[in-house]
Each structure stands twice: as structure tokens, then as C-alpha cells.
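Here is a walk through one protein model, step by step. Keep the structure in view as you read.

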Amino acid sequence: MGHALGIEFTHIAKNKLTAIMPVNENSVQPFGILHGGASVALAETLCSVGGWFLLDDNEKTVVGVEINANHIRSVKMGGTVTATAKPVHAGRKIQVWECEIRDEKEKLVCSSRCTLAVIKAGK
């Protein structure tokens, strides 16, 4: 999903991840503005990668169990958005992350919260 949407990580640390995503033909809805689903995919991608980086057990992974998103402002095709995700809670079984997506003028486009379950990794 991340590759199809052109998501590019620009900062990865245990307590903060940042990525950019183009607003192009792969991420817009029929009216030429950023699709809400693309924003949610961007947010969940950052939160899931961040959640995985917080694990200290190679036999565990994280999976999304709930995500919400408030779409605040539209972005026209041709723009770029920047997402920043930070952990709110990093427990042994559940993680909660928040993600903000902003436009090129740093205006809030989407505010999202993602809950991740920590599970045993399948092989």
C-alpha cells in the first residue's frame, strides 16, 4: 500500500515518524482532491511501522485493530502532504498512536488515532 501511494519516510525514531505522500492520481478521489482513504492508509502505515519499532521481541508484531480520522481540510492534486505519528500509549498488548497530516503550508489536513494490538508474529 505504501509503495502504491508513494509514501516516503523522512524521519524514523522510536517516538516519532514522519513521511511524505504526493497527492496524485493514486491518492485522489474523483473530484481531484486527496481521498480520505489515502489519508487513513498514510496514518496507519506510519503508526504500524512505529509500533513495530517499539517492540523489543522479534517474535511479536503489531496489527491495526481500530483507526479513526477527522478530515479537516482538502488538498488538491499536485500537492504533497506530510504525516507525523507519535505514540500515546505503548503497552505490552496494546499501543495507541496519534498521527497528524499537514499540507505544504503546514495546515492540518487530517487528525487520526490508531490502536494496535501486539501479537505473536506468524511464520
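**Starting inside the helix**

Ser 39 sits in helix H2. The model is a predicted one. Is Ser 39 buried or exposed? Its relative accessibility is 2%, so Ser 39 counts as buried. What does Ser 39 touch, leaving out residues up to four places away in sequence? The contacts are Leu 34, His 71, Ile 101 and Cys 110.

Now turn to the sheet. Six strands make up an open sheet. Their order is S1-S2-S4-S5-S6-S3. The pairing is antiparallel. Which strands stand at the edges? They are strand S1, residues 8–13, and strand S3, residues 60–71. Each has a single partner strand, so one side of each is left without a neighbour in the sheet. From one strand to the next, the twist averages 20 degrees. Helix H2 covers residues 36–54 and packs on this sheet. Helix H2 touches S1, S2, S3, S4, S5 and S6. The direction of H2 makes about 145 degrees with that of S3.

A word on how such sheets hold together. Strands pair through backbone hydrogen bonds, in either a parallel or an antiparallel way.

Walk across the sheet from S1. S1 and S2 run antiparallel, and five bridges join them. They form a hairpin, with two residues between the strands. Find Ile 12 and look across to S2: Leu 17 stands opposite.

Strand S2 spans residues 16–22. How many bridges pair S2 with S4? There are six, and the pairing is antiparallel. Ala 19 has Ala 83 in S4 as its bridge partner. Ile 20 stands opposite Thr 82, also in S4.

Strand S4 takes in residues 80–90, and strand S5 residues 94–102. Eight bridges join S4 to S5, and the two run antiparallel. S4 and S5 form a hairpin with three residues between them. Ala 90 stands opposite Gln 95 in S5.

Strand S6 covers residues 108–120. S6 pairs with S3 in the antiparallel sense, over 11 bridges. Asn 68 has Arg 113 in S6 as its bridge partner.

Next, look at the charged side chains. Side chains of opposite charge can pair when their charged atoms come close. How many salt bridges does the structure hold? It holds two.

Glu 98 lies in strand S5 and Arg 113 in strand S6, so the pair ties together parts that are 15 residues apart in sequence. Glu 98 is partly exposed, with a relative accessible area of 38%. Arg 113 is partly exposed too, at 37%.

The other salt bridge is between Arg 102 and Glu 100. Here the distance from N to O is 2.9 Å. Arg 102 has a relative accessible area of 28% and is partly exposed. Glu 100, at 35%, is partly exposed as well.

What of the empty space? Rolling a probe the size of a water molecule over the atoms shows where such space is left. The largest pocket has a volume of about 200 Å³. Which residues line the largest pocket? Among them are Thr 82, Thr 84, Ala 85, Lys 86 and Cys 99. The lining also includes Asp 103, Glu 104 and Glu 106. S4 and S5 are the elements that give two or more residues to this lining. Some lining residues have come up before. Glu 98, Glu 100 and Arg 102 line the pocket.

Gly 122 lies in the segment after S6. Is Gly 122 buried or exposed? Its relative accessibility is 74%, so Gly 122 counts as exposed. Lys 93 is 29 residues away from Gly 122 along the chain. Their C-alpha atoms are separated by 16 Å.

Conventions
Residues are numbered from 1 along each chain as its sequence is written. This is a predicted model: local features need pLDDT of at least 70, side-chain atom pairs count only at pLDDT 80 or more; totals for chains, interfaces and linings use all residues. Side-chain values use heavy atoms; hydrogens and water are left out. Two strands pair if DSSP finds at least two bridges between them. Helices (H or I, at least four residues) and strands (E, at least two) are DSSP runs, numbered from the N terminus. Axes are lines fitted to C-alpha atoms, for helices over the stretch in contact, and angles run from 0 to 180 degrees between N-to-C directions. Contact means heavy atoms within 4.5 Å. A salt bridge is a side-chain nitrogen of Lys or Arg within 4 Å of a carboxyl oxygen of Asp or Glu. Buried means under 20% relative accessible area, exposed over 50%, partly exposed in between (1.4 Å probe, protein chains only). On a 1 Å grid over the protein atoms alone, a cavity is a set of points where a 1.4 Å probe fits but cannot get out, and a pocket is an open set with protein on both sides within 12 Å along at least five of seven lines; lining residues have an atom within 4 Å of a point. Grid points are joined across faces, edges and corners, and a volume is the space filled by probe spheres set on the points.
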